[in-house]
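Colleague: I am new to this structure and would like to learn how to read a few of its features. Could we go through them one at a time?

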Amino acid sequence: MKTRHLQILSFALALSTPVNIASAGDEKKPESSLEKITEFRQSEDDTLLAQQLQFLKKQTGSPSDKAKLICAILVEADKFLVNHERPKGTPALNIAPPGGGRSGVDPASVADPIERAAYQKLIDENKKLAETHRKHAAVAKIRDSAVNLLAVYRVNGLIDEAEVDAAIRQHEISEDQKIALGQLVKAATANKAQHPTDGAAEPEKPKE
Amino acid sequence: MRSRLLAIFAAAITALSLAPAQEQNSEIIQVSPDMFLRWYGHDDRTYFVQVSDPNDHLRKWTWATIIETGNDEDISYEVDGTADKGFFRLWFSDQPTTDPDGDDFDYDGLTNWDEVSTHQTNPLKWDSDDDGLPDDWEILHGLDPNDDGTTDPANGANGDPDGDGLINLDEYWYYADPNLADTDGDGLNDFDEVWVYYTYPDSTDTDWDGLDDFAEVFTYGTDPWNWDTDEDTLPDGDEVLIHSTDPTEMDTDGDWMWDDWELANNLDPTDAADGLLDADSDTLSNQLEFVFLDQGYDPFVANNAAAFPWANDPDWDGLTTQVEFVTHLTNPRQHDTDGDGMSDAWEIAQGFNAKVNNLKAGPANQHPDADPDGDGLTNGEESGLGTNPNDPDTDGDGVDDKTENDQGSNPNDPNDSQPPPNGTIPVDVDFGDTSGSHSEKYRVQLTPLEGDPGGVRFRTNRQYGQPQTDTFHLPKGAKYQVELIHIGTSPRYRGTPKPDYDYTLSINSGGNDPACAAIVDDPQGIMGGHNESNSFFAQGKTADLYIALMTSETVATLPTDRKRKKVGVGEEVNLTLTPSSLPSPTWALAGTPGTSALNPLTGISSVLTAGERACTPSTEATINGVTVKIDFEVVEPDGVVMEQEPGTGIWHIQGKGSAGFKGRPYFAPFDVSFKYIEIREDTCVGTGTGYFLGDTGQVHPLGQWIGVVEGDAAKPSKGDGVDTIKTGANNPPFSAGTFEWPIPWQFRVGGGAAKTFATVTHQETMEATGRTTMAKGGHSVSKELNDPSSNF
């Protein structure tokens, strides 16, 4: 009788294990969405756009839906770059107080208040320049990544040219910009060594 | 009750055997002199008695000449003698018997009575001494049935009294005489018959073919175990003694017609000339029609000669039937007429004799294993490649044949001397007839569809019914159409159906490149073993062979090696599988990927985004169950090298202790790209000595994030900003001293968390002369106090 009880207990434990595993696998992963991507329009926080692109790279699901979101990132990034020219001038990691002090020193250590104020002004201007530079470069890289990714989707037959164009066209950007972005993806697709040439039969779309 | 007298005499009995182990059907009874050995005799039970040697109680026993049958009453023997006690062992058997003395209970060929009275052997055991040799066999051959070899090794299982090498146990099993080295007197000793020639040592003609074993082995070279060595249905003895044909050749005269068939059709199996005769006057000679029997031709039935397929090449040796038969008289149904492993067409082209088996005859330099041009390929291999065995560089392109074969270029094409751009992998193709008939010969053919500018590659079975593994060196990224072609049936094969079309075909990649593998797409199922027999399963069918290759190219154009497997944090790497027509790859990220990402996960391309921190991701693509992969190493920046910004000079104020420069930071290591990171300086507190002692505690504040852009080939990653690195304008009086900020440098990827990766020291040095040195990140400038120049 004792042995029989043990068997029943063991069986019950074996049944319970998958339930635990399944619940452990239900952890919510960060997801990308059109709303989060378009938040960038207001905040111009490039890290938001970078995170959305990274989330997309890690998500499973419909390649077509993902491609549409990548197009949204591409449009937002490109719109930013069109609206914000790359600033002139070169930012500095450190600058020096105008009175001849040590470069990179804390403004608080500058004794002369006039010189300190002038130094602080230079620091603030440089910081603004550096941030503008950085953001412009970061968004440009995001745009390049999105174009590269869309080109790979195209090469793999996960999305076709018309779908890319349609995804771009649903955004509120100028007609010229829509055409330019479509051409950008098309050119990147054509540049890849292994791909069906445009106009050739598209490979069958596998499910991801 | 029956009473008999038994005597126990001290040392009066000579024991003939040691005591056997206690047996189930026996019991030991102790009896004193002048007493009775008494037991209850069960009805129909037969009893035997052993007496223990009084001088070696319970170890040595002798059989008493007693066989009693029970009758449900006591049986009693009176015991007498000089010893103080006696032991008796009572054996019994319940075998039904009407003649207990004359029966043979243990079936060893000796009666019970003879066993106990004459041979002193156990009437209830066929092998009294347990040596594996029956009692009667031992007695028949003069061996002691009570000695397992302990007393005299010659009596045991491993004994060899005749010294022929065959032990007694084998002599018994093979019906040989242990006292005769050649039992059957056929000239072959027993050991050789059993273990060398596998013939019977007690039969002079094991296979009953009319030739004795010795003659088969030493005179005719025939198989003494096979009555028809050449499988032409004629017994070996008949061939030698009656027909004067060769018992080892199915076709003695070499006219392609079997000996028995010639005899049955009143042709002469020893005269090749009758092969060229035309028995049915249809203009097709006898031997030509014979090899096309399976296609409806018959030497004795007139066929339509006009429809004969002269222009075909049914054996795929490159020569039409007409050329083979009319010009060279080679067999148009055999790729390799003489069976030496080299094709007819190749032998003829090279001046070899296609009708002489060069394994057995012919010049030494025409042997299939010879390499007359010394290029590392044997004649047999050159035949398979179609190259010239007398020219190490057949196509004269400056690269020898073996090198071309190994590197994957075509040794017969002068315009193809270089290895494929991505190299090759060895691909083993196993093909041929593995069935018991050993009858068929095949050619495996690879027709390039992508990525191989060369022509069709093929290999041919060297022997009928002998599967072989041949290695192709195929360009990575290529695609081939695989065909298996049936090129002939052994002329020796007499089974049905003929051909039987049995085959096996498999393809496996070798090499040690995990990024490349052979992948077979076989929707028609031609791979594997096929024994359909009545039809050639692979006829008209093909499979696709992909030499799948995963390649990588970094998005960053610097460093210039964009195929590198070591990348910086956050780097993007494009991954591509070739050939592009690969079926449904599925991608996965393995290894220790950290925060790396791989996307998309289907299709021939994907993009690896390296993690934010050092890690070792492995990108895998699985196609039809075969995985190719690339292992990456993701590294973080580990140092900063500051260089003076081009076009700038050294800052200085004459009369002031001062120096400075504009620096541009570059990020090590320099064999990866860090274009996807951003950097900044963290806060720190300065330390001064001597002249700068008062500056101790001066704070360096937290800097702003700066991007990183591509630098140059030597230092691919540089900060997207310059660093103003200068001292203050220091006044006299001067004394030696230093000031240092050990500035922590941080990086981040995609706006993620910051991590310090290096400490870059801002260091100012003052000398007593006022000479000042400014150093940071490995670069330093100095200015004398009164130097008038300054170019910032």
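Modeller: Start with one residue in this predicted model. B:G594 sits in a loop of chain B, with strand 20 (586-592) on one side and strand 21 (597-599) on the other.

Colleague: Where does B:G594 lie in relation to B:D190?

Modeller: The two are 404 residues apart in sequence, and their C-alpha atoms are 74 Å apart in space.

Colleague: Now the interface. How much area is buried between chain B and chain A?

Modeller: Interface size is often expressed as the accessible area lost when the parts come together. Here chain B and chain A bury about 3,900 Å² between them, and carbon and sulfur atoms give 52% of that. On the chain B side, B:N599, B:T602 and B:Q704 lose the most area to chain A, together 15% of what that side buries.

Colleague: How many residues does each chain bring to the contact?

Modeller: Chain B brings 57 residues and chain A brings 46.

Colleague: Which polar links cross the interface of chain B and chain A?

Modeller: There are 30 residue pairs in polar contact between the two chains. The rule also finds five salt bridges across the interface. One of them joins the side chains of A:R86 and B:D720, at 3.4 Å from N to O.

Colleague: Which element of chain B gives the most to the side that touches chain A?

Modeller: Strand 19 (residues 572-578), with five residues. By type, that side of chain B divides into 23 nonpolar, 23 polar and 11 charged residues.

How values were computed. Residues are numbered from 1 along each chain as its sequence is written. Chains are lettered from A and ligands numbered from 1 in the order in which they are written. This is a predicted model: local features need pLDDT of at least 70, side-chain atom pairs count only at pLDDT 80 or more; totals for chains, interfaces and linings use all residues. Side-chain values use heavy atoms; hydrogens and water are left out. Contact means heavy atoms within 4.5 Å. Buried area is the accessible area (1.4 Å probe) that two parts lose on being put together, summed over both. A salt bridge is a side-chain nitrogen of Lys or Arg within 4 Å of a carboxyl oxygen of Asp or Glu. A polar contact is a pair of N or O atoms within 3.5 Å; within protein, one must be able to donate a hydrogen and the other to accept it, and residues adjacent in sequence count only if both atoms are side-chain atoms. Helices (H or I, at least four residues) and strands (E, at least two) are DSSP runs, numbered from the N terminus. Ala, Val, Leu, Ile, Met, Phe, Trp, Tyr, Cys and Pro count as nonpolar, Asp, Glu, Lys and Arg as charged, and the others, Gly among them, as polar.
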